[in-house]
Amino acid sequence: MRRTLKLISPLFVVLVFFVNTYLHAQEKRTALTLEDIYKNGTYEQKGFGPVRWMKDNQGYSTLENNKEFGGSDIVRYDASSGKRTVLVSAKQLIPTNETKPLSIANYEWSDNDGKLLIFTNTRRVWRYNTRGDYWVLNLKTGKLQQIGKNVEPTTLMFAKFSPDASRVAYVSKQNIYVEDLATGMNKQITFDGGANIINGTFDWVYEEELDDRDGFRWSPDGNYIAYWQSDTKNIGTFYLIDNIDSIYSRPIPLPYPKVGTKLSAVKVGVISAAGGKTKWFKIPGDPANNYLTRMDFIPHSSEVMVQQLNRPQNSNKIWIGNVKTMALKNIYTETDPDFLDLHDDIRWLDGEKYFTWTSEKDGWKQLYKVSRDGTESKIITKGNFDVVQINCIDPQTGYVYYIASPDNFTQRYLYRSKIDGSGEAERVTPASYAGQSSYQISGNSEWAIQTFQNTTTPPVISLIHLPDHKEMSTLQDNHELKEKYADLHLNPKEFFRVDIGDITLDAWMIKPKNFDPSKKYPLLFYVYGEPAGATVQDNWEGGALWDQYMAQQGYLVMSIDNRGTKTPRGKAWRNSIYGQIGILASQDQAGAAKKIFTMYPFIDTSRIGIWGWSGGGQMTLNCMFRHPDIYKTGLAVSFVSDQRLYDATYQERYMGLLTDNAKGYHDGSPINFAQNLQGTLMIIAGTGDDNVHYQNFEMLSNELIKDNKLFYMMSYPMRSHGIYERENTSLHLRETMAKYWKEHL
C-alpha cells in the first residue's frame, strides 16, 4: 500500500529552527566556562562594608558610592530604626587643589568618634597592602589633613590615633613617628630603623606565620609607645630573580628563616611619645630563639602583657612588664607536649583583675578566665567541643559569644556562654541557617552583622538583633549571583563520611553532568591536608566553580579532610600529625580512597587523579610517590618538595626542631620518594613566590630528571604563591590545568 507524503509546513520549519537556536543559545548561556570564571568576572560576589560599630553601639558606619563626586560617603545606620545619616560625604574627602575624593582602603574612628583616619593609595608589603598614605578628617571643623607630608609618600604603615586623638603615630621606612594634629608637626622618635633593623613592624615570617604586622602600641595615658624591634642580620637571605622586567636580571633579596636556621632577634621596648631613649625589657632567653608573639597594654595601667613563645612552640610564657620601672614578672606559662596555637582572645575583666585566655589544655579549644597573677583559672565555655572563634566578650550582659559546631564539623554557628562559667552553652543561630555563619557583633552584644553561606548559597549579609537572632534587614543577598548559579543547573556537593578503621573522615563529592550510576567515571581528588586549612566545609567558597567545571567535563570530583586539618574536632585530631607532616595525612588520604572505591561502584579506579595547591601540592606529591597503586595522575601547584626549604616558624611548629626530628623531615618530604613515581605528573609554580620558593620546583625537577622520571612542568615568571599577578594569568593557569586533565585522566 502506498503512503502519501505530505509537505511539511514552512512555518513549522521556521518554528523548529528558532526553537533549536534558542535552546542552543540557552545551553551555551548556562554553560560554565573558564573565561566567565577567571576573566569576565561573571560570578563575582558582592560584599558589604567595611562596617565599623560606633562607640555608642547603637549604629554602624559603612561605605556607599557617591554618584555626584565619585568616591565613597561614610554613612551611619541606626540599628533599631534603620535611620540613615551621612557622617562624611565624599565631597569632604577632596583634598585642597584636587578634584577627586580620596579612595578609602580602610578607615578607623577615634575613641570619641570625632575624628576619622583614612588609609589610601596602598602598596603591598610582603603579602598584604600595609603601606600607603593616611589622612585625618576632623568632623567638628571639617578639616582634612594629610599625615606625614614631609616623609616619603606611600611609606606610612599602621597609623593610629593616640587615646585622646590629639596625635597620630605611624611607621615609615622602619622607624616610628608621632604627629601632632593641631600643629601638623611630626617627630621621628626612633632612628636606628633601616637595613636589618625593623621598628614598629615585622619581618616576613612574623607576618606570615604569627599574624604580626602592626608592631607598636599607645599607652592608655598617651605618654608612651611600646614597640617591637626586629634585627634580621642573622637571617639567611633568599633571592627571588626577576628576569622579565629588564634586559638584565634583578635579584630581590628576602630575609627568610628556613628550617633550622637563625631567626630574627626580637625585643620589646618603650619610648616616650615625645621622643627620647628607648628602654628595653630584659625578657630572659635568647631573643633569636624565642618569639615575642603578642604585646599590648593592660587597660588603665602602665603595664604591658607580652607573650613569649619558645622556638619549638610548645611553651608560651606570659610576662607583665611595667613601662615606668621596666620590672618584669612571669605570671602564667602554658606548655604542651606537641605544639601551641596562638590566639587573640584576651579581654580584661573585673577592673583588670582577670583576663580571658584560650587554651586546649583539657582536650578542646575553650575560653578560660585567669587571674592577673595567674594563680586562678576557671573555664567559661564548657563542653566537649571546640571554640572556633571568639566574637564578643560583654561583661555588662555577662556573656561571651563565639562560633562553634559541636555536631557537624563542616558547619559553623553562633553560641554564647556565661562569663562566670555557670550554665550550659546556648546556641544562638537558628537551625534554619544550615551552613556557616560569621558575625561582627557590637560592643554591647545587642546587634550583629551576620554573614551566612553554604555550598549553594553565596554570602547573605544581614543586620541581626541579639540574643533572639531577629533579622532586622538584609544588607546584601547576592541574589544575582545566586540566580546565575542556579541557571547552571550544577550538581551540588554531596557530603559523606569515610570510615577508615581508626577514624572517620569528612568528605564531599560532585557528580558529573548527566550522571549515570551505571557508568564508570574518572575521579579527581582535590586535597590540602595541612594544619593551616580544611577543604570539606559547608561554605560558598566561590561556588567551587573550578570543581564544578571539572565535573561538567565528565569527572567525579571529591575532597577529604584527613587528620590534622583545621577542623573543630579537638586537640587530639589536630595534634595527631605532630612530627609527621605528610606521613599520616597521606596514609589517611590513601586509606579513604580505597574505602571510597568500595562504596561507589561508578568510580573507574584505573583513572584516579589528585591535585592540590601549596600544602595540597606537597600532599599531592606524597600521595603520588607513596601510593602509586592508587593515584595515576597528579598535578601539584606551588608545592613544598623538601620541608627543610620552608620557613622555620610554620614547619618547626608541627614537625619539631630539625635536630630532634631529622627522620620525620626526611620521611615527610616528597622529594625523597620521587623515584617511586609511576603515573603522570605535572608541576606548576610561580618564579616570584616569596612564600614557597621556586627552589622547591627546581630541586624536585632535578631529582625527577636524575631518576629518569618523565613529567610535565609549567613556570609562571614573577608570579607569587597565588599565581594571579599580571595580565591573563588566572585564565591561562586554569586552561593549562584543564588541558592536562583532559589529556591524562
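This is a predicted model: local features need pLDDT of at least 70, side-chain atom pairs count only at pLDDT 80 or more; totals for chains, interfaces and linings use all residues.
Reader: Happy to start with the overall build: how does the radius of gyration of the chain sit against the globule rule for 745 residues?

Author: The chain has twelve helices and 43 strands. For 745 residues the globule rule gives 27 Å, and the chain comes close to that, so it is as compact as a globular protein of that length. Its C-alpha trace spans about 110 × 65 × 65 Å along the principal axes. The radius of gyration itself is 28 Å.

Reader: What share of the residues in the chain is buried?

Author: Buried here means under 20% relative accessible area. Counted over the 745 residues of the chain, the buried share is 56%.

Reader: Which residues have the most contacts inside the largest nonpolar core?

Author: That core has 44 residues. Take F525 as an example: leaving aside neighbours within four places in sequence, its contacts include M558, I560, W611 and Y631. Apart from this core lies another, of 42 residues, with Y206, Y224, F238 and V323 among them. In the largest core, the residues with the most contacts are F525, F625 and Y631.

Reader: Is helix α9 largely enclosed or left open by the rest of the structure, and which elements do its buried residues pack against?

Author: Helix α9 covers residues 648–655, and eight of its eight residues are buried, so it is largely enclosed by the rest of the structure. Those buried residues include Y650, R653 and M655. Their packing partners are α3 (204–210), β20 (290–297) and α10 (662–668).

Reader: How many disulfides does a search of the whole structure find?

Author: A disulfide would need a pair of cysteine sulfur atoms within 2.5 Å. The number of disulfides found is zero.

Reader: Finally, what is the strand content of the span that UniProt lists as "domain: Dipeptidylpeptidase IV N-terminal"?

Author: The UniProt record, an unreviewed entry, lists residues 113–459 under that name. The end C-alpha atoms of this span lie 30 Å apart.

Definitions and conventions
Residues are numbered from 1 along each chain as its sequence is written. Side-chain values use heavy atoms; hydrogens and water are left out. A nonpolar core is a set of buried Ala, Val, Leu, Ile, Met, Phe, Trp, Tyr and Cys residues joined through side-chain atoms within 4.5 Å. Buried means under 20% relative accessible area, exposed over 50%, partly exposed in between (1.4 Å probe, protein chains only). Contact means heavy atoms within 4.5 Å. Helices (H or I, at least four residues) and strands (E, at least two) are DSSP runs, numbered from the N terminus. UniProt positions are given in the numbering used here, feature names are shortened, and annotations may be inferred rather than shown by experiment. The radius of gyration is taken over C-alpha atoms; the globule rule is 2.2 Å times the number of residues to the power 0.38.
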